[in-house]
Amino acid sequence: MSQKRILIVDDDANLLEVLQLRFAKTDFDVIVASDGRTALQILRECEPLDLVLTDFMMPELNGIELTRAIKANSKLFDTPVVVMSNNADPEFRRRAIELGARAYFLKTEGARTIVEKTIHMIAGREPESSRGRTLPASTAQVQAMRQSLLSLLRLTGQTEGLPTEARNALMSAEKLVESLFASVLETET
């Protein structure tokens, strides 16, 4: 069996070190990043990884934005992503899973539990926290594309000096995107 490779992304240096040490005991090759932007650069430049374990709240690019970027990239799309956070809010969990995360782990469970669940996931056994909550790969990709397109339209709409006609066109495009993607997602479920 070849050595498994994972990327751990977290701005908490202490947790990053503890997770790295725990994974090292299991003979995993661990790459670390302290923010989502750095993680995305690493993912684009390295050989495919077995899993990305990312914090939810980080500077630069948070875990949800990182998940969305991974799932919107055809080269990275198949890389499993697990989001972890101290926030137990079901809405955070729902949003992460909806955008393509395989699971959502609570940091309050501790590093040992996070490592055990991650190892089980890589071995093909789903952890308790994600059973029955994952979306089909195509649905997750459509969700990620939808969110990326909406973000682009909204960001463009914030451009200073944009003529009223252009703003109106962007608002129309946003409504069109919502309705088109809604119909696509209905046919997939």
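## A tour of the aromatic rings

At 23% relative accessibility, F92 counts as partly exposed. Select this residue to begin. The model you have open is predicted.

**Stop 1: the partner of F92.** F56 and F92 form a tilted aromatic pair, with 4.5 Å from centre to centre and 45 degrees between the planes. F56 lies in the loop between β3 (51–55) and α3 (63–71), while F92 lies in helix α4 (residues 90–98), so the pair ties together parts that are 36 residues apart in sequence. Is F56 buried or exposed? Its relative accessibility is 5%, so F56 counts as buried.

**Stop 2: another pair.** The structure holds 2 aromatic pairs.

**Stop 3: a lysine over a ring.** Move to F77 and show K71 with it. K71 lies over the face of F77, at 5.1 Å from the ring centre.

**Stop 4: colour by confidence.** The mean for the protein is 81, and 79% of its residues reach 70 or more. Which element has the highest mean pLDDT? Among the elements of the protein, that is β3, at 95. Helix α6 (residues 137–157) has the lowest, at 65.

**Last stop: residues 128–135.** Select this stretch. Here pLDDT stays under 50. For these residues the model has 18 contacts beyond four places in sequence.

Notes
Residues are numbered from 1 along each chain as its sequence is written. This is a predicted model: local features need pLDDT of at least 70, side-chain atom pairs count only at pLDDT 80 or more; totals for chains, interfaces and linings use all residues. Side-chain values use heavy atoms; hydrogens and water are left out. Rings of Phe, Tyr and Trp (its six-membered ring) pair if their centres lie within 6.5 Å; planes under 30 degrees apart count as stacked, over 60 as edge-to-face and the rest as tilted. Helices (H or I, at least four residues) and strands (E, at least two) are DSSP runs, numbered from the N terminus. Buried means under 20% relative accessible area, exposed over 50%, partly exposed in between (1.4 Å probe, protein chains only). A charge sits over a ring if NZ of Lys or CZ of Arg is within 6 Å of the ring centre and within 35 degrees of the ring normal. pLDDT is the predictor's confidence in each residue, from 0 to 100. Contact means heavy atoms within 4.5 Å.
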